[in-house]
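Please read it alongside the sequence and structure shown below.

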Amino acid sequence: MTENLNKSITERKRTEYKIRERVKELTCLYGVSQLVAKTDANLDEVLKGTVDLIPDGWQYPEITCARVILGGKEFKTDNFAVTQWKQSSDINIGGQKLSALEVYYLEEKPEIDEGPFLKEERNLIDALVRVLGEFTERKRAEEELRKYREHLEELVKERTSELGRKAVELEQANIRLQEMDRLKSVFLASMSHELRTPLNSIIGFTGIILQGMSGEVSHEQRKQLSMVKNSASHLLSLINDILDISKIEAGKVELTLEEFSLDDLAREVVETLSPTANEKGLELMTEMPEGVTLSSDRRRLKQILMNLVSNAVKFTDRGSVKIAARVTGDENLEVCVIDTGVGIKKEDMNKLFQPFQQIDVSLTKKHEGTGLGLYLTKKLTDLLGGNISAKSEYGRGSEFTFTIPLRYEEGN
Ligand SMILES: Nc1ncnc2c1ncn2[C@@H]1O[C@H](COP(=O)(O)OP(=O)(O)OP(=O)(O)O)[C@@H](O)[C@H]1O
Ligand SMILES: [Mg+2]
């Protein structure tokens with residue numbers, strides 16, 4: 001009976017002891033988790049706090065000491081000493097063992113689960129290094145983020161001041177550009193006068209000589225004077241094109257709006273170009289509704305049509321050139337200039353409407369030109385509120401189509 005009672009008392013005491021030990025361990029773990037959970041906790045504080053909490057979690061607090069070494073710093077309990085009774089666990093940081101947590105007994109104690117230490121104390125030390133490892137990792141990530149953020153702020157400051165500088169430079173460049181643009185206009189205006197006047201007089205006087213008004217002209221002289229006159233005319237038309245383009249590009253063009261009939265305009269174009277077409281044996285025809293009137297810039301529309309039809313005649317050796325016009329449902333005039341000429345290769349189509357682009361050099365040697373015609377034509381159709389496009393089949397012919405509003409209105 002007494003034996004049984006004694007047994008049960010011992011049993012109870014052992015259980016009580018075990019419970020006390022678990023409570024100590026849990027208290028330690030709880031203490032550490034509280035340290036870590038503080039939002040402003042820094043790494044040094046947590047490591048020192050942890051080693052200080054350790055003794056109370058072990059079986060013999062008064063002879064327990066602990067230490068952790070991390071990043072060249074050592075954190076230990078005040079009573080710390082290295083002895084042969086040691087329990088330790090590695091701290092893993094970012095997958096690397098960078099440090100270890102060590103617990104020592106300062107005196108010898110009887111051997112139990114792991115030297116003088118309990119199996120539960122092994123579990124506790126392992127749990128502690130996990131917590132410390134995760135915390136260190138988090139702190140390092142935060143630190144990196146902070147550095148990155150600072151760097152970013154610096155970068156933003158730097159860029160902002162750079163941007164300010166650039167804006168000033170840009171403004172200065174803009175002022176210079178405006179001045180240059182003004183000088184260009186002045187230059188072009190004077191050039192227009194200075195170049196056109198002598199050219200007109202060359203063309204005029206060679207014309208008079210050719211007509212024999214200033215005496216007999218020999219066959220050879222006639223031939224050479226004709227060359228002079230042709231070259232001068234060519235130069236004059238080139239200068240006119242360049243001037244037109246620069247005026248349009250500088251936004252200095254004023255449209256002269258008037259009411260006019262499409263029939264008359266088309267007739268003028270055909271009359272001007274039919275001598276060349278006849279010489280080449282080409283049929284030049286029109287196909288358009290009668291009585292169409294437009295309110296637009298007549299001279300510029302004629303220029304567009306002249307450029308397209310003269311190209312068609314120039315790049316066609318046999319067959320025909322047709323001007324087909326119609327009024328579309330949305331009050332636009334659509335004009336197609338269709339030829340049965342040399343055509344344009346697919347890969348060359350994107351060169352059309354670009355300045356100084358002559359596609360077939362061998363061809364253009366045969367035909368004179370500068371490659372400004374289509375570029376100017378596109379600018380002119382834009383100017384009249386329209387657009388232009390081209391289709392072609394190499395070796396068979398081309399079709400250039402432009403559309404402009406029947407009645408030009410500001411802003412369209
Ligand atoms: N109807 C067409 N058929 C075939 N090729 C064409 C036709 N119209 C234009 N091209 C091609 O496009 C190029 C550019 O035409 P554009 O009218 O701009 O120049 P150009 O007629 O050669 O010279 P410019 O018109 O300045 O006197 C021409 O050189 C030619 O190669
Ligand atoms: Mg041309």
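A residue is near a molecule or strand if its C-beta atom, placed from the backbone, lies within 6 Å of it. Around ligand 1 there are 22 residues, of which Gln358, Ile359, Gly369, Gly373 and Leu374 come nearest. This is a predicted model, in which local features need pLDDT of at least 70 and side-chain atom pairs count only at pLDDT 80 or more, while totals for chains, interfaces and linings use all residues. Residues are numbered from 1 along each chain as its sequence is written, and chains are lettered from A and ligands numbered from 1 in the order in which they are written.

**Ligand shell**

- By class, the shell around ligand 1 has 9 nonpolar, 11 polar and 2 charged residues; Ala, Val, Leu, Ile, Met, Phe, Trp, Tyr, Cys and Pro count as nonpolar, Asp, Glu, Lys and Arg as charged, and the others, Gly among them, as polar.
- Helix H6 (298–314) and helix H8 (373–383) each supply at least two residues of this shell; helices (H or I, at least four residues) and strands (E, at least two) are DSSP runs, numbered from the N terminus.
- H8 gives the most to the shell, with 3 residues.

**Domains**

- The protein chain is assigned domain 1 (1–254) and domain 2 (257–405), with bounds that come from an automatic or database domain assignment.
- The centres of domain 1 and domain 2, taken over C-alpha atoms, are 59 Å apart.
- The contact between them takes 7 residues from domain 1 and 7 residues from domain 2, where two residues are in contact if their C-beta atoms, placed from the backbone, lie within 7 Å.
- On the side of domain 1 that touches domain 2 there are 4 nonpolar, 1 polar and 2 charged residues.

**Sheet**

- An open sheet of 5 strands has the order E6-E8-E9-E11-E10 with mixed pairing; two strands pair if DSSP finds at least two bridges between them.
- Strand E6 (283–287) and strand E10 (387–393) are the edge strands, each pairing on one side only.
- From one strand to the next, the twist averages 10°; axes are lines fitted to C-alpha atoms, for helices over the stretch in contact, and angles run from 0 to 180 degrees between N-to-C directions.
- E6 pairs with strand E8 (residues 320–327) in the parallel sense over 5 bridges, and the bridge partner of Thr286 in E8 is Ile323.
- H6 packs on the sheet and touches E8, strand E9 (332–339) and strand E11 (397–405), its direction making about 20° with that of E9.

**Helix H8**

- H8 lies across E10 and E11 and runs at about 140° to E10.
- In H8, 8 of its 11 residues are buried; a residue is buried if 20 or more other C-beta atoms lie within 10 Å of its own, exposed if 12 or fewer, and partly exposed in between, with C-beta atoms placed from the backbone.
- The buried residues of H8 include Gly373, Leu374 and Leu376, and what covers the buried residues includes helix H4 (219–249), H6, E10 and E11.

**Positive phi**

- Most residues other than glycine have a negative phi.
- Glu331 has a phi near 60°, a positive value in a residue other than glycine, and is found in the loop between E8 and E9.
- Glu331 counts as exposed because 9 other C-beta atoms lie within 10 Å.
- Phe353, also not a glycine, has a positive phi of about 70° and sits in the loop between E9 and helix H7 (361–366).
- Phe353 counts as partly exposed because it has 19 C-beta neighbours inside 10 Å.
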